[in-house]
Amino acid sequence: VSSGYDVVSFSGTTKDDCPDKFIEVKCTRKGTIEFYLTRTELEKAQMLGPNYWLYLVNRKGRNGFKVTMRIQDAYETIESQGKYEKVPMVWLVKGV
């Protein structure tokens, strides 16, 4: 919600009980890679680096969803690898 991710997970590879995988789930239409990312989600992705994942899912019939893509280090992948384009969709307009 306002945390910037949907799921907190543990890989089991750390020595403490701290979560080390933060997952934001996005639903996409079959055959497309197109989803909305909030400012908070993008900032959290930057802050958490390789511990932040995007899971893209497609609806699979009436009974569930199928994970179609996992993107680790989502901020770096979106900003630097040239595979994705960010398109501004919403602007805050306020009086001066």
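Leaving aside its neighbours within four places in sequence, with which residues is Thr77 in contact? They are Ile71, Gln72 and Tyr84, where contact means heavy atoms within 4.5 Å.

## Basis of the model

This is a predicted model, in which local features need pLDDT of at least 70 and side-chain atom pairs count only at pLDDT 80 or more, while totals for chains, interfaces and linings use all residues. Residues are numbered from 1 along each chain as its sequence is written, and side-chain values use heavy atoms, with hydrogens and water left out.

## The sheet

An open sheet with mixed pairing is formed by four strands in the order β1-β2-β3-β4. Its edge strands, each pairing on one side only, are β1 (7-9) and β4 (65-72). From one strand to the next, the twist averages 30 degrees. Strands (E, at least two residues) and helices (H or I, at least four) are DSSP runs, numbered from the N terminus; two strands pair if DSSP finds at least two bridges between them.

Seven bridges join β3 (residues 52-59) to β4 in the antiparallel sense. Val57 has Val67 in β4 as its bridge partner.

## The helix on the sheet

Helix α1 (residues 39-48) packs on the sheet and touches both β2 (21-27) and β3. The direction of α1 makes about 135 degrees with that of β3; axes are lines fitted to C-alpha atoms, for helices over the stretch in contact, and angles run from 0 to 180 degrees between N-to-C directions.

## The surroundings of Thr77

Thr77 belongs to helix α2 (residues 74-80). A polar atom of the Thr77 side chain lies 3.2 Å from the backbone oxygen of Gln72.

Conventions: Polar contact = N/O pair within 3.5 Å; in protein donor to acceptor, adjacent residues only side chain to side chain.
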